[in-house]
Amino acid sequence: MPTASPDHQRRLLDLQARDTAIDRIRHRAAALRSDPEIAAAQERSSAAQAQRDQAEAELAAAEEALAAAEAAVEQVAVRIRRNQQRLDAGTGSAKDLTALQHEIGTLSARRSDLEDTELAVMERVEAAQAALDRATVTGSEATAALGALTAVRDTRLGELAGEFEREKADRAQVLAGIDDAALVSLYEKLRGTHDGVGVAPLQGARCGGCMLELNPKDLAAIRAASEDAVVRCEECGRILVRS
Ligand SMILES: [Zn+2]
């Protein structure tokens with residue numbers, strides 16, 4: 001059975017307390033980093049951005065369609081003006097003038113149709129602009145909500161980083177007081193295989209690690225062992241420190 005000074009064994013419990021605290025800080029930081037609320041806010045923000053992009057694309061397409069509709073109306077208007085000027089000048093045969101008049105009538109009807117189309121496209125532009133405005137507001141709100149959540153998380157992470165540094169310094173101090181590499185090495189090995197707990201106090205007849213009661217025979221053997229014997233829990237295998 002390995003041996004270690006009773007003082008070093010008791011300090012091992014302090015080391016365990018520091019390590020448990022450090023593990024808890026790490027666990028809390030990891031939970032903060034994978035906060036589902038932030039992930040959901042991120043998703044909402046991305047979705048809002050995608051919606052805004054889509055609205056922007058629709059507005060651009062509608063504006064392009066409006067420019068085309070305006071150009072079509074203008075093209076017909078130009079032809080009507082030209083014909084009207086020729087008609088007003090009164091040159092050409094009576095037959096030509098009748099034909100011009102007829103063409104002006106046809107073009108006017110065409111312009112009226114094109115103006116209806118232009119009006120419909122203008123309404124499309126207005127609707128697209130309104131949709132973009134709404135998407136912009138939604139996007140800003142989503143970004144602000146995400147920013148607020150992230151700020152709270154970052155503050156908390158900063159606090160945890162401070163706690164972590166303090167615990168690490170405390171741990172280093174405790175470790176410096178245990179001048180027994182073999183004992184520390186055994187503790188570290190057990191910590192790695194026993195859910196981060198390598199040493200536990202013997203609480204009456206109970207192991208403070210696995211919380212099981214030791215059977216009378218094992219308990220008697222532990223009590224009979226020399227003070228500097230490094231005893232282990234028969235149930236979980238952790239180092240047991242007698243007080
Ligand atoms: Zn145990």
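This is a predicted model: local features need pLDDT of at least 70, side-chain atom pairs count only at pLDDT 80 or more; totals for chains, interfaces and linings use all residues.
Start with the annotated region. An unreviewed UniProt entry lists residues 15-193 as "domain: CT398-like coiled coil hairpin". In the model, that stretch is 94% helix and 0% strand.

Which residues does Asp 19 contact, leaving aside neighbours within four places in sequence? They are Arg 171, Tyr 187 and Arg 191.

Now turn to the zinc ion. Its protein donors are the SG atoms of Cys 207, Cys 210, Cys 233 and Cys 236. They lie 2.2 to 2.3 Å from the ion. The angles among the 4 donor atoms run from 105 to 117 degrees. The site is tetrahedral, because four donors count as such if all angles lie between 85 and 135 degrees.

The spacing of the donor residues in sequence is C-x2-C-x22-C-x2-C. Cys 207 belongs to strand β2 (residues 206-207), while Cys 233 is in the loop between β3 (231-232) and β4 (239-241), so this pair ties together parts that are 26 residues apart in sequence.

Are these two cysteines buried or exposed? Cys 207 is buried, at a relative accessible area of 0%. Cys 233 also counts as buried, with 4% relative accessibility.

How values were computed. Residues are numbered from 1 along each chain as its sequence is written. Side-chain values use heavy atoms; hydrogens and water are left out. Donors are N, O and S atoms within 2.8 Å of the metal (3.2 Å for Na, K and Ca); water is not among the atoms, so sites may look incomplete. Four donors count as tetrahedral if all angles lie between 85 and 135 degrees; four count as square planar and six as octahedral if opposite donors are over 155 degrees apart and all others between 65 and 115; anything else is irregular. Helices (H or I, at least four residues) and strands (E, at least two) are DSSP runs, numbered from the N terminus. Buried means under 20% relative accessible area, exposed over 50%, partly exposed in between (1.4 Å probe, protein chains only). UniProt positions are given in the numbering used here, feature names are shortened, and annotations may be inferred rather than shown by experiment. Contact means heavy atoms within 4.5 Å.
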